[in-house]
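Thanks for coming. I will walk through one structure today, a piece at a time, and give each term its cut-offs when it comes up.

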Amino acid sequence: MAVRHITTGSPFEKQIGYSRAVVADGWVFVAGTTGYDYATMTMPDSIVDQCRNALATIAKALQDAGSDVDHVVRVNYFVPNADDWPACWPVTSDVFARALPAATMISAALQNPEMKIEIEVTARLPR
């Protein structure tokens with residue numbers, strides 16, 4: 001089985017030792033992704049803007065892998081403050097309108113205090 005690694009060039013990938021996504025056996029596994037703007041390495045204050053950035057990074061990783069958000073079958077959302085989560089619903093429902101993946105929201109501390117959401121997905125490669 002061939003395995004392919006996708007990177008965004010984020011310094012965290014190299015520092016911590018992971019890939020943004022791994023393609024294996026018809027699946028794309030996208031690592032937990034936070035809301036950094038990787039072009040400027042800045043983090044917006046708003047959870048909604050962080051959510052948009054994270055989903056854009058995920059969409060690009062899926063595209064690089066040969067898939068897209070319409071092929072996502074599983075999504076996990078991690079938020080430190082569960083009360084912030086509903087503000088993201090319009091964004092996530094728009095992005096996943098076609099895929100309608102199985103989803104879980106977990107309230108947990110994230111790596112850095114400025115991080116308000118982390119998103120991880122699993123997708124299929126289209127046939």
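First, the ground rules. This is a predicted model, in which local features need pLDDT of at least 70 and side-chain atom pairs count only at pLDDT 80 or more, while totals for chains, interfaces and linings use all residues. Residues are numbered from 1 along each chain as its sequence is written, and side-chain values use heavy atoms, with hydrogens and water left out.

Let me start with the strands. Helices (H or I, at least four residues) and strands (E, at least two) are DSSP runs, numbered from the N terminus. Two strands pair if DSSP finds at least two bridges between them. Strand S2, residues 21-24, pairs with S3 in the antiparallel sense, over four bridges. S3 also pairs with strand S6, residues 118-124, again antiparallel, over six bridges.

How many of the eight residues of S3 are buried? Buried means under 20% relative accessible area, exposed means over 50%, and partly exposed is in between, using a 1.4 Å probe and protein chains only. By that rule six of the eight are buried, so S3 is mostly covered.

Now the rings. Rings of Phe, Tyr and Trp (for Trp, its six-membered ring) pair if their centres lie within 6.5 Å; planes under 30 degrees apart count as stacked, over 60 as edge-to-face, and the rest as tilted. The whole structure has four aromatic pairs. One of them joins Phe 12 and Tyr 36, 5.3 Å centre to centre, with 45 degrees between the planes, which makes the pair tilted. This pair links distant parts of the chain, 24 residues apart: Phe 12 is in helix H1 (residues 11-17), and Tyr 36 is in the loop between strand S3 (27-34) and helix H2 (47-65). Both Phe 12 and Tyr 36 are buried, and together with Tyr 38 they form one aromatic cluster.

Next, the cysteines. A disulfide is a pair of cysteine sulfur atoms within 2.5 Å, and by this rule the count is zero.

Contact means heavy atoms within 4.5 Å. Leaving aside neighbours within four places in sequence, Thr 92 is in contact with Cys 51, Leu 55, Tyr 77 and Trp 85. Thr 92 counts as buried, at 8% relative accessibility.

Last, Pro 126, in the segment after S6. Is Pro 126 buried or partly exposed? Pro 126 is partly exposed, because its relative accessible area is 38%. Not counting residues up to four places away in sequence, Pro 126 touches Gly 66, Ser 67 and His 71. The C-alpha atoms of Pro 126 and His 71 are separated by 7.1 Å, although the two are 55 residues apart along the chain.

That is the end of the tour.
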